[in-house]
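I opened the model to look at the chain as a whole and then at one strand. My notes follow the structure.

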Amino acid sequence: MAMGMNLVFLAAIQCVIFFISALLITTVSCDDAALIPSSDTAVNDWFQANVKPFASRKGTLDPALAAAEANPKTIKVRKDGSGDFKTVTDALKSIPAKNKQRVIVDIGGGVYNEKVTVEVGKDFVTFIGSSKDKPTIAFGKTAKEVGTDDSATLIVDGDYFVAVNLIIQNTAPRPDGRPKAQAVALRIWGNKAAIYGCRLLGFQDTLCDDKGLHFYKDCYIEGTVDFIFGRGKSMFLNTEIKVLEDKLLTVITAHARSTAKEDTGFVFAHSKINGDGTGAFLGRAWMEMPRVIFAYSKMSRVVNPGGWFDNFHPERQKTVEFAEYKSTGPGSEPSGRVKFTKQLTDAEAKAYLTLGYIQSAQWLLPPPAL
(Lines give C-alpha, C1' and ligand atoms only; values in the text may rest on other atoms or scores of the structure.)
Protein backbone atom coordinates (compact mmCIF):
# COMPACT_ATOMS: atom_id res chain seq x y z
CA MET A 1 0.00 0.00 0.00
CA ALA A 2 2.83 2.43 0.94
CA MET A 3 4.60 1.75 -2.36
CA GLY A 4 1.37 2.37 -4.28
CA MET A 5 0.82 5.65 -2.49
CA ASN A 6 4.39 6.70 -3.28
CA LEU A 7 3.88 5.96 -6.97
CA VAL A 8 0.69 8.02 -7.01
CA PHE A 9 2.48 10.86 -5.24
CA LEU A 10 5.39 10.78 -7.71
CA ALA A 11 3.00 10.77 -10.65
CA ALA A 12 1.19 13.78 -9.23
CA ILE A 13 4.46 15.65 -8.76
CA GLN A 14 5.46 14.87 -12.35
CA CYS A 15 2.16 16.25 -13.61
CA VAL A 16 2.62 19.46 -11.65
CA ILE A 17 6.17 19.87 -12.96
CA PHE A 18 5.00 19.25 -16.53
CA PHE A 19 2.18 21.80 -16.17
CA ILE A 20 4.49 24.48 -14.72
CA SER A 21 7.10 23.84 -17.41
CA ALA A 22 4.51 24.12 -20.16
CA LEU A 23 3.19 27.34 -18.67
CA LEU A 24 6.67 28.84 -18.50
CA ILE A 25 7.47 27.83 -22.06
CA THR A 26 4.22 29.36 -23.29
CA THR A 27 4.92 32.62 -21.47
CA VAL A 28 8.52 32.91 -22.63
CA SER A 29 7.74 32.05 -26.25
CA CYS A 30 4.94 34.61 -26.38
CA ASP A 31 7.14 37.20 -28.04
CA ASP A 32 10.48 37.42 -26.26
CA ALA A 33 12.30 34.36 -27.55
CA ALA A 34 12.35 34.69 -31.34
CA LEU A 35 15.54 36.11 -32.83
CA ILE A 36 15.31 39.20 -35.03
CA PRO A 37 15.69 37.92 -38.61
CA SER A 38 18.83 38.74 -40.57
CA SER A 39 16.82 39.90 -43.58
CA ASP A 40 15.34 43.39 -43.34
CA THR A 41 12.43 42.35 -45.57
CA ALA A 42 11.36 39.83 -42.91
CA VAL A 43 11.32 42.28 -39.99
CA ASN A 44 7.69 43.38 -40.23
CA ASP A 45 6.36 39.83 -40.48
CA TRP A 46 8.56 38.84 -37.54
CA PHE A 47 7.25 41.77 -35.50
CA GLN A 48 3.61 40.96 -36.24
CA ALA A 49 4.17 37.32 -35.34
CA ASN A 50 5.87 38.13 -32.05
CA VAL A 51 4.16 41.28 -30.80
CA LYS A 52 0.50 40.36 -30.62
CA PRO A 53 -2.34 42.81 -29.93
CA PHE A 54 -3.94 43.18 -26.53
CA ALA A 55 -6.82 40.79 -27.24
CA SER A 56 -4.44 37.83 -27.43
CA ARG A 57 -2.13 38.92 -24.59
CA LYS A 58 -4.41 38.70 -21.57
CA GLY A 59 -2.71 37.08 -18.62
CA THR A 60 0.80 37.91 -19.84
CA LEU A 61 0.94 41.70 -19.62
CA ASP A 62 1.68 43.76 -16.54
CA PRO A 63 -1.62 43.76 -14.59
CA ALA A 64 -1.82 47.56 -14.52
CA LEU A 65 -1.30 47.72 -18.28
CA ALA A 66 -3.90 45.02 -18.93
CA ALA A 67 -6.43 46.94 -16.84
CA ALA A 68 -5.65 50.19 -18.66
CA GLU A 69 -6.00 48.62 -22.12
CA ALA A 70 -9.34 47.00 -21.33
CA ASN A 71 -11.29 50.24 -21.77
CA PRO A 72 -9.34 52.78 -23.85
CA LYS A 73 -10.53 56.35 -24.34
CA THR A 74 -9.84 58.57 -27.37
CA ILE A 75 -9.70 62.37 -27.38
CA LYS A 76 -8.97 64.56 -30.41
CA VAL A 77 -6.67 67.53 -30.88
CA ARG A 78 -7.31 69.73 -33.92
CA LYS A 79 -5.77 73.14 -34.57
CA ASP A 80 -8.94 74.36 -36.28
CA GLY A 81 -11.10 73.71 -33.23
CA SER A 82 -12.97 70.74 -34.72
CA GLY A 83 -11.63 68.36 -32.04
CA ASP A 84 -11.95 68.20 -28.28
CA PHE A 85 -8.90 70.45 -27.81
CA LYS A 86 -6.80 72.85 -29.87
CA THR A 87 -3.46 72.06 -28.22
CA VAL A 88 -1.70 68.91 -27.07
CA THR A 89 -1.04 70.51 -23.71
CA ASP A 90 -4.74 71.15 -23.10
CA ALA A 91 -5.50 67.54 -24.00
CA LEU A 92 -2.95 66.36 -21.43
CA LYS A 93 -4.48 68.59 -18.77
CA SER A 94 -7.74 66.67 -19.17
CA ILE A 95 -6.05 63.42 -18.16
CA PRO A 96 -6.15 62.91 -14.38
CA ALA A 97 -3.11 62.45 -12.19
CA LYS A 98 -2.47 58.79 -11.38
CA ASN A 99 -4.27 57.89 -14.60
CA LYS A 100 -5.16 54.19 -14.92
CA GLN A 101 -6.89 54.15 -18.32
CA ARG A 102 -5.33 54.11 -21.77
CA VAL A 103 -5.96 57.55 -23.26
CA ILE A 104 -5.32 57.87 -26.99
CA VAL A 105 -4.67 61.46 -28.02
CA ASP A 106 -5.51 61.65 -31.73
CA ILE A 107 -3.53 64.64 -33.03
CA GLY A 108 -4.49 66.22 -36.35
CA GLY A 109 -2.01 67.52 -38.91
CA GLY A 110 -0.20 70.84 -38.60
CA VAL A 111 2.50 72.38 -36.44
CA TYR A 112 1.88 72.66 -32.70
CA ASN A 113 4.30 75.23 -31.32
CA GLU A 114 4.33 74.15 -27.70
CA LYS A 115 6.45 72.45 -25.11
CA VAL A 116 4.69 69.25 -24.05
CA THR A 117 5.25 67.34 -20.81
CA VAL A 118 3.65 64.00 -19.93
CA GLU A 119 3.98 64.24 -16.17
CA VAL A 120 4.84 61.54 -13.66
CA GLY A 121 1.64 59.64 -12.86
CA LYS A 122 0.07 60.33 -16.24
CA ASP A 123 0.67 56.80 -17.41
CA PHE A 124 -0.89 54.94 -20.35
CA VAL A 125 -0.91 57.95 -22.70
CA THR A 126 -0.73 57.49 -26.47
CA PHE A 127 -0.01 60.28 -28.97
CA ILE A 128 -0.99 59.30 -32.50
CA GLY A 129 -1.02 61.12 -35.81
CA SER A 130 -1.80 60.15 -39.38
CA SER A 131 1.01 58.54 -41.39
CA LYS A 132 -0.09 60.69 -44.37
CA ASP A 133 -0.13 63.99 -42.44
CA LYS A 134 2.14 63.67 -39.45
CA PRO A 135 1.63 66.42 -36.88
CA THR A 136 4.69 68.36 -35.73
CA ILE A 137 5.34 69.33 -32.12
CA ALA A 138 7.96 72.10 -32.13
CA PHE A 139 9.80 74.07 -29.45
CA GLY A 140 13.05 76.05 -29.53
CA LYS A 141 14.85 76.40 -26.19
CA THR A 142 18.49 75.42 -25.52
CA ALA A 143 20.41 74.04 -22.56
CA LYS A 144 21.82 77.50 -21.87
CA GLU A 145 18.30 78.86 -21.43
CA VAL A 146 16.59 76.09 -19.45
CA GLY A 147 19.09 73.24 -18.94
CA THR A 148 19.56 70.21 -21.17
CA ASP A 149 16.71 68.13 -19.70
CA ASP A 150 14.15 70.92 -19.84
CA SER A 151 15.14 71.99 -23.34
CA ALA A 152 13.19 69.01 -24.70
CA THR A 153 10.21 69.71 -26.91
CA LEU A 154 8.45 66.58 -25.63
CA ILE A 155 9.22 65.26 -22.15
CA VAL A 156 7.79 61.90 -21.17
CA ASP A 157 7.88 61.18 -17.43
CA GLY A 158 4.84 58.86 -17.34
CA ASP A 159 5.09 55.10 -17.85
CA TYR A 160 3.63 53.02 -20.71
CA PHE A 161 3.77 55.92 -23.16
CA VAL A 162 3.25 55.34 -26.88
CA ALA A 163 3.91 57.72 -29.78
CA VAL A 164 2.88 56.97 -33.37
CA ASN A 165 3.44 59.03 -36.53
CA LEU A 166 4.71 62.24 -34.95
CA ILE A 167 7.38 64.77 -35.91
CA ILE A 168 9.12 66.01 -32.76
CA GLN A 169 11.47 68.91 -33.37
CA ASN A 170 13.65 71.27 -31.41
CA THR A 171 13.90 74.38 -33.56
CA ALA A 172 16.84 75.96 -31.71
CA PRO A 173 19.71 77.04 -34.00
CA ARG A 174 22.48 74.64 -34.92
CA PRO A 175 25.23 74.78 -32.24
CA ASP A 176 28.29 76.70 -33.44
CA GLY A 177 30.71 76.16 -30.61
CA ARG A 178 28.92 78.31 -28.06
CA PRO A 179 28.57 76.64 -24.62
CA LYS A 180 25.31 74.89 -23.79
CA ALA A 181 23.82 75.30 -27.26
CA GLN A 182 22.47 71.73 -27.26
CA ALA A 183 18.71 71.30 -27.53
CA VAL A 184 16.67 68.10 -27.04
CA ALA A 185 13.69 67.12 -29.18
CA LEU A 186 12.46 64.11 -27.15
CA ARG A 187 13.38 63.08 -23.61
CA ILE A 188 11.99 59.85 -22.20
CA TRP A 189 12.34 59.18 -18.49
CA GLY A 190 9.20 57.05 -18.09
CA ASN A 191 9.46 53.26 -18.21
CA LYS A 192 8.12 50.93 -20.92
CA ALA A 193 7.61 53.36 -23.78
CA ALA A 194 7.16 52.53 -27.47
CA ILE A 195 7.84 54.93 -30.35
CA TYR A 196 6.56 54.02 -33.83
CA GLY A 197 7.06 55.83 -37.13
CA CYS A 198 8.26 59.08 -35.57
CA ARG A 199 10.76 61.67 -36.84
CA LEU A 200 13.05 63.24 -34.25
CA LEU A 201 14.71 66.42 -35.50
CA GLY A 202 17.51 68.42 -33.94
CA PHE A 203 21.27 68.86 -33.86
CA GLN A 204 23.15 68.11 -30.62
CA ASP A 205 21.30 65.85 -28.12
CA THR A 206 18.24 65.24 -30.31
CA LEU A 207 17.03 62.19 -28.34
CA CYS A 208 17.60 61.85 -24.62
CA ASP A 209 16.76 58.21 -23.93
CA ASP A 210 17.04 58.97 -20.28
CA LYS A 211 15.93 55.95 -18.27
CA GLY A 212 13.83 52.78 -18.54
CA LEU A 213 12.89 50.15 -21.11
CA HIS A 214 12.06 51.62 -24.51
CA PHE A 215 11.35 50.38 -28.04
CA TYR A 216 11.65 52.35 -31.30
CA LYS A 217 10.50 51.05 -34.69
CA ASP A 218 10.46 52.64 -38.14
CA CYS A 219 11.75 55.96 -36.82
CA TYR A 220 14.03 58.66 -38.24
CA ILE A 221 16.56 60.41 -36.00
CA GLU A 222 18.93 63.14 -37.11
CA GLY A 223 21.61 65.22 -35.45
CA THR A 224 25.26 66.18 -35.16
CA VAL A 225 26.80 65.08 -31.87
CA ASP A 226 25.54 62.76 -29.12
CA PHE A 227 22.15 62.86 -30.76
CA ILE A 228 21.06 59.57 -29.18
CA PHE A 229 22.16 59.69 -25.56
CA GLY A 230 21.14 58.67 -22.04
CA ARG A 231 21.19 55.58 -19.84
CA GLY A 232 18.09 53.76 -21.10
CA LYS A 233 17.86 50.08 -21.95
CA SER A 234 16.41 50.44 -25.40
CA MET A 235 16.02 48.70 -28.75
CA PHE A 236 15.92 50.54 -32.07
CA LEU A 237 14.51 48.49 -34.95
CA ASN A 238 14.54 49.60 -38.58
CA THR A 239 15.60 53.13 -37.63
CA GLU A 240 17.08 55.60 -40.11
CA ILE A 241 19.91 57.59 -38.54
CA LYS A 242 21.06 60.70 -40.37
CA VAL A 243 24.28 62.43 -39.40
CA LEU A 244 24.21 66.15 -40.19
CA GLU A 245 27.62 67.46 -41.18
CA ASP A 246 29.32 69.62 -38.60
CA LYS A 247 32.70 71.34 -38.46
CA LEU A 248 33.17 69.96 -34.97
CA LEU A 249 32.81 66.38 -33.70
CA THR A 250 30.00 64.17 -35.06
CA VAL A 251 28.88 61.27 -32.87
CA ILE A 252 25.69 59.21 -33.04
CA THR A 253 25.46 57.74 -29.52
CA ALA A 254 26.63 58.72 -26.05
CA HIS A 255 25.34 56.04 -23.74
CA ALA A 256 25.58 56.94 -20.05
CA ARG A 257 26.12 53.59 -18.33
CA SER A 258 28.73 54.21 -15.64
CA THR A 259 28.85 51.06 -13.46
CA ALA A 260 28.89 47.32 -14.08
CA LYS A 261 25.69 46.95 -12.04
CA GLU A 262 23.61 48.98 -14.50
CA ASP A 263 21.56 46.72 -16.78
CA THR A 264 21.27 49.24 -19.59
CA GLY A 265 22.38 49.75 -23.17
CA PHE A 266 21.32 50.67 -26.71
CA VAL A 267 20.72 47.98 -29.33
CA PHE A 268 20.27 48.98 -32.98
CA ALA A 269 19.06 46.32 -35.42
CA HIS A 270 18.53 46.92 -39.13
CA SER A 271 19.45 50.58 -38.82
CA LYS A 272 20.32 52.67 -41.87
CA ILE A 273 23.12 55.15 -41.16
CA ASN A 274 23.63 57.88 -43.71
CA GLY A 275 24.22 61.60 -43.83
CA ASP A 276 26.57 64.36 -44.84
CA GLY A 277 30.33 64.31 -44.71
CA THR A 278 32.52 61.61 -43.18
CA GLY A 279 34.08 60.83 -39.84
CA ALA A 280 31.01 60.25 -37.68
CA PHE A 281 31.58 57.93 -34.73
CA LEU A 282 28.97 55.29 -33.87
CA GLY A 283 29.50 56.12 -30.22
CA ARG A 284 31.83 57.65 -27.68
CA ALA A 285 32.79 56.80 -24.11
CA TRP A 286 30.87 59.67 -22.52
CA MET A 287 30.70 57.67 -19.29
CA GLU A 288 32.86 54.83 -18.01
CA MET A 289 30.89 51.78 -19.22
CA PRO A 290 28.64 52.59 -22.18
CA ARG A 291 26.96 49.67 -23.94
CA VAL A 292 25.99 50.07 -27.61
CA ILE A 293 25.45 47.34 -30.21
CA PHE A 294 24.77 47.73 -33.93
CA ALA A 295 23.51 44.61 -35.73
CA TYR A 296 22.41 44.00 -39.33
CA SER A 297 22.84 47.71 -40.01
CA LYS A 298 23.65 49.44 -43.29
CA MET A 299 26.42 51.97 -42.78
CA SER A 300 27.38 54.53 -45.41
CA ARG A 301 30.72 56.30 -45.72
CA VAL A 302 29.54 58.86 -43.18
CA VAL A 303 30.82 56.45 -40.48
CA ASN A 304 34.41 56.94 -39.33
CA PRO A 305 36.54 53.89 -40.30
CA GLY A 306 37.55 53.47 -36.63
CA GLY A 307 33.89 53.34 -35.66
CA TRP A 308 34.18 54.34 -32.01
CA PHE A 309 35.81 57.02 -29.85
CA ASP A 310 37.23 56.71 -26.33
CA ASN A 311 36.44 60.41 -25.67
CA PHE A 312 40.10 61.08 -24.78
CA HIS A 313 39.82 58.59 -21.90
CA PRO A 314 42.12 55.70 -22.87
CA GLU A 315 41.38 53.98 -19.55
CA ARG A 316 37.77 53.51 -20.72
CA GLN A 317 38.91 51.33 -23.60
CA LYS A 318 38.90 48.47 -21.08
CA THR A 319 35.37 49.12 -19.79
CA VAL A 320 33.28 50.10 -22.82
CA GLU A 321 30.98 47.58 -24.52
CA PHE A 322 30.95 48.74 -28.12
CA ALA A 323 30.07 45.94 -30.52
CA GLU A 324 28.84 45.18 -34.02
CA TYR A 325 27.28 42.19 -35.71
CA LYS A 326 26.90 41.43 -39.42
CA SER A 327 26.48 45.01 -40.58
CA THR A 328 27.05 46.00 -44.20
CA GLY A 329 28.07 48.98 -46.31
CA PRO A 330 31.30 50.94 -46.73
CA GLY A 331 31.11 52.29 -43.18
CA SER A 332 30.97 48.84 -41.59
CA GLU A 333 34.38 47.44 -42.59
CA PRO A 334 35.76 45.60 -39.52
CA SER A 335 39.42 45.83 -40.51
CA GLY A 336 39.65 49.53 -39.69
CA ARG A 337 37.88 49.43 -36.35
CA VAL A 338 39.57 50.50 -33.12
CA LYS A 339 40.91 47.67 -31.01
CA PHE A 340 38.56 48.26 -28.07
CA THR A 341 35.45 47.39 -30.08
CA LYS A 342 34.22 43.89 -30.90
CA GLN A 343 32.62 41.96 -33.73
CA LEU A 344 30.15 39.63 -31.99
CA THR A 345 29.91 35.91 -32.66
CA ASP A 346 26.51 34.33 -33.36
CA ALA A 347 26.32 33.08 -29.78
CA GLU A 348 27.26 36.45 -28.29
CA ALA A 349 24.78 38.36 -30.46
CA LYS A 350 21.74 36.34 -29.38
CA ALA A 351 21.38 38.18 -26.07
CA TYR A 352 20.81 41.43 -27.98
CA LEU A 353 18.67 40.17 -30.85
CA THR A 354 15.46 39.24 -29.08
CA LEU A 355 12.72 41.38 -27.60
CA GLY A 356 13.56 39.74 -24.31
CA TYR A 357 16.31 42.35 -24.08
CA ILE A 358 13.60 44.89 -23.18
CA GLN A 359 11.26 42.40 -21.44
CA SER A 360 8.65 42.99 -24.14
CA ALA A 361 6.35 40.13 -23.14
CA GLN A 362 5.25 42.20 -20.15
CA TRP A 363 4.36 45.43 -21.92
CA LEU A 364 5.05 45.88 -25.63
CA LEU A 365 1.99 46.14 -27.85
CA PRO A 366 1.70 46.98 -31.57
CA PRO A 367 0.77 50.55 -32.47
CA PRO A 368 -2.95 51.32 -32.38
CA ALA A 369 -4.77 52.27 -35.57
CA LEU A 370 -6.79 55.45 -35.91
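I worked on a predicted model, where local features need pLDDT of at least 70, side-chain atom pairs count only at pLDDT 80 or more, and totals for chains, interfaces and linings use all residues. Residues are numbered from 1 along each chain as its sequence is written, and side-chain values use heavy atoms, with hydrogens and water left out.

Whole chain. I counted six helices and 27 strands in the protein chain (DSSP runs of H or I, at least four residues, and of E, at least two, numbered from the N terminus). The radius of gyration is 22 Å, close to the 21 Å from the globule rule for 370 residues, so the protein chain is as compact as a globular protein of that length (taken over C-alpha atoms; the rule is 2.2 Å times the number of residues to the power 0.38). I noted that 52% of the 370 residues count as buried (under 20% relative accessible area, 1.4 Å probe, protein chains only).

Strand 2. I found five of five residues buried in strand 2, residues 103-107. Val103, Val105 and Ile107 point one way, Ile104 and Asp106 the other.

Partners. I looked up which strands pair with strand 2 (pairing needs at least two DSSP bridges). Strand 1, residues 73-77, pairs with strand 2 in the parallel sense over five bridges, and Lys76 has Asp106 as its bridge partner there. Strand 5, residues 125-128, runs parallel to strand 2 and is joined to it by four bridges; Thr126 is the bridge partner of Ile104.

Terms used: Buried means under 20% relative accessible area, exposed over 50%, partly exposed in between (1.4 Å probe, protein chains only).
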